[in-house]
Amino acid sequence: MTTMMIKLIRNGLVSYVWAILVIILVIGMLTSGCDRTKPKTFRVGVVCGADLFFPVIHGIKSQMTELGFKEDENIIYDVLTFNDDAEGEYNAAKKLVADHVDVIVTMPTQPSVMAHKAINGTEIPLVFSYAGIEGTGLVESVPHPGKNATGVRFPGPEQICKRLEILHEIRPEAKRIWIGYDKNYPTITPSLAALRPLASSLGITLIDVPVTTFNALAKDLEERAQKAGPGMDAMILMPDTLNHSTPGWNLINSFAEKHGLPLGGSFYYTVEQGALYGTGNEMPDVGRLTAPLIAKVLKGTPAGSIPVVTPEQVLVINLRVAGKLGITLPDGVLNMASKIIQ
């Protein structure tokens, strides 16, 4: 074989090798490009502890869409709902952990506490929505929550105190205020710790009715209804799911209406349906506040490093109920209202 032939063969092999390498490189680039254009689909497990918090979920989904997380495209929500069932909420959270969701979202306090227990020892983050953090162990502090959890805080102590302050401004002569509540619900103890000294400073006697069931709450009001007078001057809703369950709310609302008692409510629907006023938060807004926290977690920010958010309280007044009760509302209270039902 001549030297010329050997050179031609060598050159041909080199060209062939280079051709193969170029093809491999192009395929790799195309494949890499496809991977970059195909977004990850995130799985979000949601544990909702009461039907009344569905607007929070709607607010979350709406805002998440605005942030680029479109349902059934690059994010999937697995929503599990309960009504004051701590065991069911815990088991649901454990299932979501076993399913390896990207984040667990909870609302309100009790499901958040149950989920916090369920994620212990795992790397799955928790973003709570409208959960009480006082005395629940959910976070270490507002600016530095730690423990792989963050969220939107339920401002229970401030909210219940504002509820009593507004009632005192409207009816300063009301000195006996009925409060029935589930004594085991996690937000009650810190709320009472704030409410009792305030009541004392205002010369108000709180008529405590600590219970654990709807039947016990109903029994208390039935016994009062059989007496010559109800033994109270007004009522306020306490921050638990017993007061805000459908039967619990209907019971309290009906009693207040029947006996002509001012009732301090919470969410907008309580004022719309019969409370004289309400101090609380708009549920869709709570959801919209929660969404950016979820988005940060999904983008890789550790949940425990994201500060807890507290929603702004709103005051809603029902002038129709005020008219039925013969109450003229002070201008100062009217000026504070974000909504007035005529």
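This is a predicted model: local features need pLDDT of at least 70, side-chain atom pairs count only at pLDDT 80 or more; totals for chains, interfaces and linings use all residues.

A: Residues are numbered from 1 along each chain as its sequence is written, and side-chain values use heavy atoms, with hydrogens and water left out.

Q: How many helices and strands are there in the protein chain?
A: The protein chain has 13 helices and twelve strands, where helices (H or I, at least four residues) and strands (E, at least two) are DSSP runs numbered from the N terminus. Of its 342 residues, 48% are buried; buried means under 20% relative accessible area, exposed over 50%, and partly exposed in between, using a 1.4 Å probe and protein chains only. Among contacts with a separation of 6 or more, 70% are between residues 24 or more positions apart, a contact being heavy atoms within 4.5 Å.

Q: In what order do the five strands of the open sheet lie?
A: Strands of a sheet pair through backbone hydrogen bonds, either parallel or antiparallel. Here the five strands follow the order β2-β1-β3-β4-β5 with parallel pairing, and two strands count as paired if DSSP finds at least two bridges between them. The edges are β2 (75-81) and β5 (149-153), each of which pairs on one side only. On average, neighbouring strands of this sheet are turned by 20° against each other, direction ignored; axes are lines fitted to C-alpha atoms, for helices over the stretch in contact, and angles run from 0 to 180 degrees between N-to-C directions.

Q: Which residue is the bridge partner of Val127 in β5?
A: That partner is Thr150, and β4 (residues 126-131) pairs with β5 in the parallel sense over five bridges. Towards β3, three bridges join the parallel strands β3 and β4, and Val105 stands opposite Val127. Strand β4 is mostly covered, with six of its six residues buried. Helix α4 (residues 109-118) lies across β1 (42-48), β3 (103-107), β4 and β5, and runs at about 155° to β4.

Q: Why do the buried residues of α9 line one face of the helix?
A: An α-helix has 3.6 residues a turn, so residues three or four places apart point the same way. In α9 the buried residues are Gly248, Trp249, Ile252, Asn253, Phe255 and Ala256. Seen down the axis of α9, these residues fall within an arc of 160°, so they line one face; the arc is that of the directions from the helix axis to the C-beta atoms. The face turned away from this buried side carries the exposed residues Thr246, Glu257 and Lys258. The elements covering the buried residues of α9 include β6 (176-182), α7 (214-225) and α10 (268-272).

Q: What span should the 13 residues of helix α9 have?
A: At 1.5 Å a residue, α9 (residues 246-258) should span 18 Å, and its end C-alpha atoms are 18 Å apart, which agrees; the expected span is 1.5 Å times one less than the number of residues. Just after α9, Gly260 takes a positive phi of about 65°.

Q: Which residues are buried in α6?
A: Ile188, Pro190, Ser191, Leu192, Leu195, Leu198 and Ala199 are buried there, and what covers them includes α5 (156-170), β6, β7 (205-211) and β8. After α6 comes Gly203, with a positive phi near 70°.

Q: Where is Pro108 found, and which residues does a cis peptide bond join?
A: Most residues other than glycine have a negative phi, and most peptide bonds are trans. Pro108 is found in the loop between β3 and α4, and a cis peptide bond with omega of about -10° joins Met107 and Pro108.

Q: Is Asp84 buried or partly exposed?
A: Asp84 is partly exposed, with a relative accessible area of 34%, and lies in the loop between β2 and α3 (86-98). Asp84 has a positive phi of about 60° although it is not a glycine. His100, in the loop between α3 and β3, also has a positive phi of about 60° without being a glycine, and at 64% relative accessibility His100 counts as exposed.
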